[in-house]
Amino acid sequence: MTTETETIIEDRVIPADGHWGRIIRKGQTLRIVDLEGKQAVDFLCYSAEDPSERYNAADTMKYAKTIFLTTGHGVYSDMGRRLFTIVADTCGRHDTIGGCCSAESNEVRYQVADTPSCRRNFLRALAPFGLGKKDIVANINWFMNVPVNPDGSMAIVDGVSRPGDHVDLRAEMDVLAVISNCPQTRNPCNGFHPTPIRVIVRA
Ligand SMILES: [Zn+2]
């Protein structure tokens, strides 16, 4: 509990197929709001000081002992350090294994060329920070539902997030966070209708 007044550093709506990135200082909190529900938010993060240290999906899952991240879990770097702690989660279902969509994978999966994609949005979000293709690694998809069945099969299925569901991520060091608000329309990750999200950074 704190008696200090919270300061809003940024409060922004990101349209469907939009991208966003900023450095979040240690102790600040990033809230990601699924405004209309069932909207996948592709997410990557890096040490702001040295972006060669970045989110590591496998280690994050190993430390959490689950593929489904929620309140209390850490988002870890490849150096075993916490980038973020998930301090609130009103949805309870997020994806760590499905990765981001790309024009190339849409062509393989759906036989369509030149689609908008999270990979393209990540590249746009990373460019102002001097990062690019080599810096895109396995990512978190907030609000995306990818269950794994006992036989090992997995699929992207209908999301369970409701309008206004959110996650709060507290930065444990200075972190560069980037987002693609997923434009996918060929599987249920966005309810076949991508919608806006909101990001709020608080000190
Ligand atoms: Zn996507």
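**A walk through the predicted model**

Let me start at one particular spot: Gln111 sits in the loop between helix 2 (103–110) and helix 3 (118–126), where helices (H or I, at least four residues) and strands (E, at least two) are DSSP runs, numbered from the N terminus. The phi of Gln111 is near 55 degrees, a positive value in a residue other than glycine. Most residues other than glycine have a negative phi. Gln111 counts as exposed because its relative accessible area is 62%, given that buried means under 20% relative accessible area, exposed over 50%, and partly exposed in between, with a 1.4 Å probe and protein chains only.

Residues are numbered from 1 along each chain as its sequence is written, and side-chain values use heavy atoms, with hydrogens and water left out.

Lys38 also has a phi near 55 degrees, a positive value in a residue other than glycine, and it lies in the loop between strand 3 and strand 4 (41–47). At 37% relative accessibility, Lys38 is counted as partly exposed.

Six strands form an open sheet in the order 1-10-3-8-6-5, with antiparallel pairing; two strands pair if DSSP finds at least two bridges between them. The edge strands, each pairing on one side only, are strand 1 (8–14) and strand 5 (74–76). Within this sheet, strand 3 (residues 29–34) and strand 8 (residues 165–171) pair in the antiparallel sense over six bridges, and Thr29 stands opposite Arg170 in strand 8.

What, then, makes up the largest nonpolar core? It has 40 residues, and those with the most contacts inside it include Trp20, Phe43 and Trp142; such a core is a set of buried Ala, Val, Leu, Ile, Met, Phe, Trp, Tyr and Cys residues joined through side-chain atoms within 4.5 Å. A second, separate core of eight residues includes Ala40, Cys101, Ile156 and Cys182. Leaving aside neighbours within four places in sequence, Trp142 is in contact (heavy atoms within 4.5 Å) with residues including Ile32, Phe43, His94 and Leu169.

Finally, buried residues make up 48% of the 203 residues in the protein chain.

Note on methods:
Predicted model: local features only at pLDDT ≥ 70, side-chain atom pairs only at ≥ 80, totals over all residues.
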